[in-house]
Amino acid sequence: MHCLICPLLMAQIWFGYSQDCQRLRRVNRIPLTIGVFLPYQYKRVLEPAVNIALEHIHNQSCILNDYYLKLHFKDTECKTSFGMKALFELMNARPRPFALFGDACTNVNEVVAMASKYWHILHLSYAEIHAKFATADAQAMYPTFFRMVPGYQNSNLARCHLIFQFNWTRVGTLKQSDDPRFALPHESLTTRLEHGFGIRVIYTAGITHDEIQNIGYELNELKKRDARILIGDFEESLAVRILCEAYQNGIYGENYAWILPGYHKSDWWRNASGVSCTVEELAKVIEGHFAVEFSPYSQRLARLTIANKTVSAIRTELDDRQGSSPESVFKGYVYDGLWTLSLAIEHVAQLHQQRDGITWIPNVSDTEDWTKLSVELLQAISSTSFIGVTGPVRFENNERLGLVEILQWRNGSYMIAGIYDGTKAVLTLNPALRDWTPPLDATVVVRERQYISFVLFIFLSLLAIIGVAIAVFFLIINIRYQNHRYIKMSSPNMNNLIIAGSICTYISVILLGFDTRFVSPDTFVTLCYVKTWVLSLGFTLAFGSMFSKTWRVHLIFKNIRMNKKAIKDYKLFMLVGFIVLVDLVSLALWARISPFTFHVNQLAIFYSDNKMIAPEIERCRSDNSVIFEAIILGIKGLLMLLGCFLAWETRRVNVPALNDSKYIGMSVYSVVVTCLLGLPLVYILKDRVNEAHILGSLFIIFCTTLILCLVFVPKIVELLRNPQGTELRYRRGLVKSTLGRSESQQTSQHNDATNIFRREHLQRLEEENILLHRYLLQKTSILWELQEQLRQLGELEDDDTITSPSD
């Protein structure tokens, strides 16, 4: 019933009866004693606020028309003993006070609040902010104690809403463990953050005066856990030490946000004595930090208050009465506190008048009457709701729900970043914060899939396609003129294999550029098999064909007496086929024993623009890939070593009409050099997608194109020079023969033109003789094989056998 009547009475009081309410006041108003605990050191600062509040209540409002407040001041000197002495004196005074107003000191408030419940007397403090009065058992310990200043519950909610507003989901905290003023609110804050707002507290650093030297370890732990939003609860003296250590650990700047207690003064950080940081260094740390503190006044200056005056008018009046006295943040709360007591008493008086029908004359003598009166006053103050100079005044569980300022330090001063209204649980941010970029609550891990540049892929694919076109052109020439004497003597069938292998290597360049941008992961795995097989077999066909041709040249020119069998193309095909078979077996075993799977490799993490970039590359992973790669590369390496050996042995052979050994040798060298340079570089740069791809692809394209040009361009030149293939033309070269070497020695001894001409002519004749001798050896070997076959068939007698030239 009381709770329903109170809001109606408050609304009636707020809007007023009329300007005639002052005429309804009695001349001899009834005094209502209020005991005021006001220490001497606060009296000069706060007494003007008391007087202004009394003037407004008694002379300019429509409440307490039949009463007036009589204040009984007690100087407690902020001492517990003096506080208890003052309480006993007030309780034994006649008349006894209806309520107690004060004190400004926690040690006095605590004992008085614990004792006042036994006298059933309302106790309202105008300056108490200690956390102990808002604990879980506070109402049981201090049931009659109220306080005007918003407690830490409001500040904690303001901080929670601020963190939530910026979408921060993880924070690190620091608390002063040896002081309950900071430890108790901090424990409540962390609980509310995690359970009420879903914000994770990743680490809480405990700090004490005795262990302040360990603050560096605690800050390092916060930094190691990547805490970017840091909430602190500690006193000013420790704040400077902590922030100095934060400077030395680099925990400041635009990537961090500090949320500190508000100390109600802007120069608290300038006391740099006893720390190793300068004021300028501390200024860098506090730049952009937030400070959370109760608001001394409402920021809505034009708002009309319970006194029928604007906030601005009352604030001006309070400042004018202050004079030269020190500034105090509690003046507004003293003013609103007396209004709160007055409204509660007015509520009780109206309640008695409606119940009894006459003006209430307080004449309380026994304990039972005080108990009833105390219950009525407590209910009245609990349901109080009005607009004061400090903002909306409302209580919940004996705690004031009021305004909390969120300040931000910018360019050497605080600006109001937001106001939290505890009565509505709403945080209103200053629009000026829009130009401030809040830091991320953690280093954001951005997983960037590294792909081959699309432009690079297109460019290399075009080069590969051009290479395929060149290879096809050479293939057409080789087939079209395969009966041309010059081309026929260079084994056109083996040339076709070289072209086929080259086309495979060109195609592999295109396949190497495909990734999951173009195909699915399953198809990507299939492509891994395809490009591995295509590149391996292409290399085997091209290099194996060159190797076989070099091997034949080596056998012919290094074994003059070879007359038992001819080295035909089908034997070279068998040699290449054997090498291809080894490749196929190795690749098949690889696919069977250790198949490819799609895998994403994470590369080294680096920081960029306050983000942690985690590059990723796509791979086809095989558990035993190292073993099979070693086998395949070992086989091909051995093949290249043998190729180099054969090319070196036949380096002096230069008879183009018979073979293209010189260019084949050059091709072998180019392949070996390219592989020796390219494979290590590609392996080293394997984590750099674009660089590895362009390097590997260019090596393949360059090496393949060089082989094709070395093998086929001389043939095209010869076709252009001698389309019919009838002219015998042999370039001068070095052929291992005794005559050649003796002629060279004679050349050094004769210098006249005649001898030179004759010597050159003789050398040409010698070369032609050697050539014809080679022809004879080959034809004789073929004839000998045919005779052997006829002899086996019994169609040839031994007397008809043709002996070899060596015989």
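## Close-up views of salt bridges and a nonpolar patch

**View 1. Glu691 pairs with Arg688.** Glu691 and Arg688 form a salt bridge, with their closest N and O atoms 3.2 Å apart. The model is predicted. Glu691 is partly exposed, with a relative accessible area of 33%. Arg688 is also partly exposed, at 48%.

**View 2. A salt-bridge network includes Arg447 and Glu616.** Salt bridges with shared partners join Arg447, Arg449, Glu616 and Glu618 into one network. Within it, the side chains of Arg447 and Glu616 meet at 3.4 Å, N to O. This pair links distant parts of the chain. Arg447 sits in strand S17 (residues 444–449), and Glu616 in strand S20 (residues 611–621). The two residues are 169 residues apart. Glu616 is buried because its relative accessible area is 11%, under the 20% cut-off.

**View 3. Arg355 bridges to Glu376.** The closest N and O atoms of this salt bridge are 3.8 Å apart. Arg355 lies in helix H12 (residues 331–356) and Glu376 in helix H13 (residues 367–382), so the pair ties together parts 21 residues apart in sequence. Arg355 is exposed, with a relative accessible area of 52%. In total, the structure holds 25 salt bridges.

**View 4. Five residues make a nonpolar surface patch.** Phe454, Ile458, Leu462, Ile465 and Phe518 form this patch of about 450 Å². Ile465 belongs to helix H14 (residues 454–480). Ile465 is partly exposed, with a relative accessible area of 48%.

Methods. Residues numbered from 1 in each chain as written. Predicted model: local features only at pLDDT ≥ 70, side-chain atom pairs only at ≥ 80, totals over all residues. Heavy atoms only, no water. Patch = residues over 30% accessible without salt bridge, like charges linked within 9 Å, V, L, I, M, F, W, Y side chains within 5 Å. Areas by Shrake-Rupley, 256 points an atom, 1.4 Å probe, with all protein chains shown as cover. Salt bridge = Lys/Arg side-chain N within 4 Å of Asp/Glu carboxyl O. Helix = DSSP H or I, 4+ residues; strand = E, 2+ residues; numbered from the N terminus. Buried < 20%, exposed > 50% of the residue type's maximum accessible area, 1.4 Å probe, protein only.
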